Amino acid sequence: MANSTAKTLKIITGADSFGCDLKDVLVAHLQSLNIQVEDLGTSSYYSVAADVGRRISSAVTASSDDSKAVETRGLLACGTGVGVAIFANKFPGVIAATCLTPSEALNARSINNSNVLAVSGMSTSPESAIEILDTWLKTPFASPCPASGNEPWPEEIKTFFENSLTEMPKIGAELPKIEDSTCSICNLVKSRVLGPIDMIPGGSMKILRETPTSAIVRFKAGSVEPAHHHTFGHDLVVTEGKKTVWNLTKKERFDLTIGDYLFTPAGDVHRVQYHEETEFFIKWDGHWDMFFDEDLETAKKAIEKESENGSK
């Protein structure tokens, strides 16, 4: 039996209202086999699956002596067995499989080393569920199963399975971390996708509010905004990078970097150059529009000419 191995087997279980009766039958069966059971009770399928998944994930990644002596698996039940498997699988190291037949349980253990069994309270009888559970408990990883024609796996497949034991638990365990920032605007944009600004190469923007318009804007290093004006004035704050704004109407130049603020009045013609990848928050006094007063090539030539004059 499953509990005759060197490790003590522990099952953490739970169900929703559609699977609770079947879960109770299986808990009684496990207890008759002297297998330790921790029953988390009945809740919504996503909540109970998350609770079990979280506990199994912790057990998989634990390195204590106690965790080495105990093999912890999960047992979940809902109406179909699918929903609980989906939410349990959101946790690193969890391999939840919905099994409606003993053959599926054989395959799940042999091929995937499943550590959470999900069963259907609506389509599986108590007798069939017990047979599925027993098969899942007794089947070793990489053993013959229906998928192998009930024959031993070839050596190359066995090697693949052995490698998967160390590779699978890593999936989802090392997600990229987003550093916290004291800048509320920076935190706001982290989860947003910026779309390209078709009229200006190198620019992308995410509108946060339509009217009055506010947006997060990003430009690649070296980008240039040709001279243009807007119907409404706008405030901006640079959150990343470095840019230069020429207010051609007032003949003023502003070199801006992280934390700098600038207001440009309605109708003022201005040209912009981005010296490095730059991101800024901008808010217009009304709706956003843009009217060009020169083309891109003219703007680049004007900037180049000023740069040459400045270096003399």
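**Notebook: one predicted chain**

I began with phenylalanine 160, which is exposed at a relative accessible area of 53%. I use "exposed" for over 50% relative accessible area, "buried" for under 20%, and "partly exposed" for in between, with a 1.4 Å probe and protein chains only. Phenylalanine 160 lies in helix 7, residues 155-167. I take helices (H or I, at least four residues) and strands (E, at least two) as DSSP runs, numbered from the N terminus.

**Basis of the entries**

I note that this is a predicted model, in which local features need pLDDT of at least 70 and side-chain atom pairs count only at pLDDT 80 or more, while totals for chains, interfaces and linings use all residues. Residues are numbered from 1 along each chain as its sequence is written, and side-chain values use heavy atoms, with hydrogens and water left out.

**The chain as a whole**

I found nine helices and 16 strands in the chain. Of the 312 residues, 41% are buried. I then turned to contacts, meaning heavy atoms within 4.5 Å. Among contacts between residues at least 6 apart in sequence, 68% join residues at least 24 apart. The accessible surface comes to about 16500 Å², and carbon and sulfur atoms account for 53% of that surface. Such areas come from the Shrake-Rupley method with a 1.4 Å probe, and for residues only the protein chains shown count as cover.

How many of the five residues of strand 5 are buried? Five of the five, residues 116-120, are buried, so strand 5 is largely enclosed by the rest of the structure. Val116, Ala118 and Ser120 point one way, and Leu117 and Val119 point the other way. I recalled the general rule that side chains in a regular strand alternate between the two faces of the sheet.

Next I looked up pairing, which requires that DSSP find at least two bridges between two strands. Strand 3 (residues 70-78) pairs with strand 5 in the parallel sense over five bridges, and alanine 77 has valine 119 as its bridge partner in strand 5. Strand 4 (residues 96-98) also pairs with strand 5 in the parallel sense, over three bridges. Here alanine 96 has valine 116 as its bridge partner.

Strand 4, helix 5 (residues 102-112) and strand 5 form a right-handed β-α-β unit. Right-handed means that, with the strands pointing away from the viewer, the path from the first strand over the helix to the second runs clockwise. In helix 5, I found Ala105, Ala108, Arg109 and Ser110 buried. The buried residues of helix 5 pack against strand 3, strand 4, helix 6 (126-138) and helix 7. Asparagine 113 follows helix 5 and has a positive phi, near 55°.

I continued to threonine 124, in the loop between strand 5 and helix 6. Threonine 124 counts as buried at 10% relative accessibility. Leaving aside residues up to four places away in sequence, threonine 124 touches Leu22, Leu100, Ala129 and Ile132.

Is lysine 10 buried or exposed? Lysine 10 has 18% relative accessibility and therefore counts as buried. Lysine 10 is in strand 1, residues 8-15. Its contacts, not counting residues up to four places away in sequence, include Gln36, Glu38 and Arg55.

Lysine 251, in the loop between strand 11 and strand 12, has 76% relative accessibility and therefore counts as exposed. The C-alpha atoms of lysine 251 and histidine 270 are separated by 9.3 Å.

I traced an open sheet of five strands in the order 12-11-14-9-16, with antiparallel pairing. Its edge strands are strand 12 (252-257) and strand 16 (291-292), each of which pairs on one side only. Strand 9 and strand 16 pair in the antiparallel sense over two bridges, and histidine 229 has phenylalanine 291 as its bridge partner in strand 16.

**The cavity**

On a 1 Å grid over the protein atoms alone, a cavity is a set of points where a 1.4 Å probe fits but cannot get out, and lining residues have an atom within 4 Å of a point. Grid points are joined across faces, edges and corners, and a volume is the space filled by probe spheres set on the points. I found one cavity of 30 Å³ or more. The largest cavity has a volume of about 180 Å³. Its lining has 22 residues, of which Glu225, His228, Phe280, Ile282 and Trp284 lie nearest its centre. Among the strands that each supply at least two lining residues are strand 9 (224-229) and strand 15 (278-284).

Notes: On a 1 Å grid over the protein atoms alone, a cavity is a set of points where a 1.4 Å probe fits but cannot get out, and a pocket is an open set with protein on both sides within 12 Å along at least five of seven lines; lining residues have an atom within 4 Å of a point.
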